[in-house]
Amino acid sequence: MTFQYFSAQVRGLRGPGLTPQQASDLAEAVSGARAFRADVTIVRSQPTINPPGSPKVVFLTPSGRLITLIDANGYPVIHTADGPIPVPDAGRLSVSPGIVDGEAVQRFWSDPHDNVLFGYGGMGGHFSLVNGALERTNARFFAAKQASPTYAGQPWNAGIRELLSRPTGGSKVAYIFVLMGQSNADGENQNAADALISGAATYPAFALMLEGGPRIVSATHNATLVPLIENVTNQGGGVDRQRETATSGWVNHFVRDYHAAWDEYPTVVGMSVAIGGRGVIGNKQGTEAFDRLHEGVTNAATALRAQGYSDIRTVVGWIGGESDTNTAQMTGDEFKGLMRQLRRQAGDMIRRITGELSDPLFMMVQPSNALSDPWTQPVRQALVELDGEDGFVLAGPAYHYTMTGSANPADYHIHRNNMGKYSTGQQLARATMAEMLGATWHGLKPLTARWGNAAGTQIVIDCNSMGTALVEDTSGAISTAGLATKGFLFDDGSGAPPAISSVALSGLSIMITLAAKPVGPDCKIGYALARNAGETEQDGPVLGARGTIRDNAAHVRLSDNSNQFCWLPAFILRLSKP
């Protein structure tokens, strides 16, 4: 579905039959309508704007005269003290800005599937064109006024880290989880031997998708809900390209954890609207990816309302990649601005569809793709810095997840395998559960870097975590071959910075010892920034930019009952000269 913002236009105006005053008034209306293209309302609310029996859409001209822009037959009418006077032979007017029930209708969009024109009002109202006139149709967008929900929580314990609460009263609640981003969100994986993790439904009555698969690939207008399963598709030609997405890992772990907390199951609709190769700019309003988002959320909300769910809560998961990290001249501030813009645009659209009162959470996954210069990582660093801003939550990094292993370098250099994507979804589920229903998500990340001794040779990094201690883990996919000092780098801007002698862990702190006191003017410590020497493209846990540090906050993976943990994201922290 495509958003199309409509400016008022006048078609086929003809002169005969108009008095000079009528022509003047109509010219004012036309002029005002054209000015409306800038989204500036040029109507003023009047308490008696709609005389009894008159058409609903009226226009207040700059001189104070009321013109009904369209009557039931689509023709203009002028309101006078003696009542409405049709404007003969004036031709039809397309939908124009007006006042409906005292509210200025400010902009319009069309639904090409239903061939219906909708309008948004300046005071939050929603309108549609019915028999040639705009009428208030809030019910089309929102269910009847929702009762305020009540919440059930755990007994207070001063030492608890996971205080949970959930809505228990008021309206019937359901959730929509939407993946946005690039090919790792779309499920790109060209390894035909890599079996789907979620080829069968895990929670068929509660973990759902729109009929046709978890990927919203076109304007299918399908509002039928079926059990969530992953499938294999071919959206790029050649071999089958798309396999497991993170959707099932996200939804199924959330359903499992919700049930474990309260002994009841939530209803969750999951989907991916991602398109390979489309960075954040390629997901904003006016793009195919944004159209997919609109289509998927609209159909999911329609289907959920048909099942009696009137309180719908949406979460967006962002899984980006190389199209952002490799964008020339991209700065961290620019990327953060683009993410804020996307959240505003997506949130505005989603709220209008679902009736939510606040923007959806944006759960972010840090990409494993790194630039060749280890100290130039604006996108990966920006995601760490965005974490904690209103609505933005960093679920964790992706460098420790295994790659596809296919024969195509363009595939295995950047794409995670089915288990990697499923585990990415698990991490999103952990963060979503904690942020939406728990005591907020505080995933593993660095907080500060400081000098730990007077000699200026020790750096201490204090971290935040859901756990109680940091762990060096080389037991899984992470390879230490070609990886020095657990993934940490140091530079001081001198051209010959002192080497890192050792890295030690204590609780949630990291102690880094340098071989000598730095003398350069720009001291900085970084982690998971550099691929193995000589590698220019390969990402992931074997040759890519990575590290070996995780926490001890275990979370059981559904597919194999193994413990998964939060890993330290890539970052750069600056220090003053010691």
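A: This is a predicted model. Its chain has an average pLDDT of 79, and 70% of the residues score at least 70. Over residues 87-97 the pLDDT is below 50, although this stretch has 51 contacts in the model beyond near neighbours in sequence. Residues 78-82 likewise stay under 50 in pLDDT, with 18 contacts beyond four places in sequence. Where pLDDT is low, the predicted coordinates should not be read in detail.

Turning to the sheets, one of them is open and consists of 7 strands in the order S14-S13-S15-S12-S16-S17-S18, with mixed pairing. Its edges are formed by strand S14 (225-227) and strand S18 (392-397), each of which pairs on one side only. From one strand to the next, the twist averages 30°. Within this sheet, strand S13 (residues 207-210) and strand S15 (residues 268-272) are paired in the parallel sense over 2 bridges. Leucine 208 has valine 269 in S15 as its bridge partner.

Helices pack on this sheet. Helix H5 (residues 288-306) touches strand S12 (173-181), S13, S14, S15 and strand S16 (311-319), and its direction makes about 165° with that of S12. H10 also packs on the sheet, where it touches S12, S16, strand S17 (361-366) and S18. The direction of H10 makes about 145° with that of S17.

The loop between helix H10 (418-437) and strand S19 (445-451) holds threonine 440. Threonine 440 counts as partly exposed because its relative accessibility is 41%. Its phi is near 70°, a positive value in a residue other than glycine. Most residues other than glycine have a negative phi. Lysine 486 also has a positive phi, near 60°. Lysine 486 lies in the loop between strand S21 (470-472) and strand S22 (488-491).

Strand S25 (residues 523-527) runs antiparallel to S29, and 5 bridges join the two. Tyrosine 527 has phenylalanine 571 in S29 as its bridge partner.

How values were computed:
Residues numbered from 1 in each chain as written. Predicted model: local features only at pLDDT ≥ 70, side-chain atom pairs only at ≥ 80, totals over all residues. Heavy atoms only, no water. Helix = DSSP H or I, 4+ residues; strand = E, 2+ residues; numbered from the N terminus. Buried < 20%, exposed > 50% of the residue type's maximum accessible area, 1.4 Å probe, protein only. pLDDT = per-residue confidence, 0-100. Contact = heavy atoms within 4.5 Å. Pairing = 2+ DSSP bridges. Axes fitted to C-alpha atoms, helices over the stretch in contact; angles between N-to-C directions.
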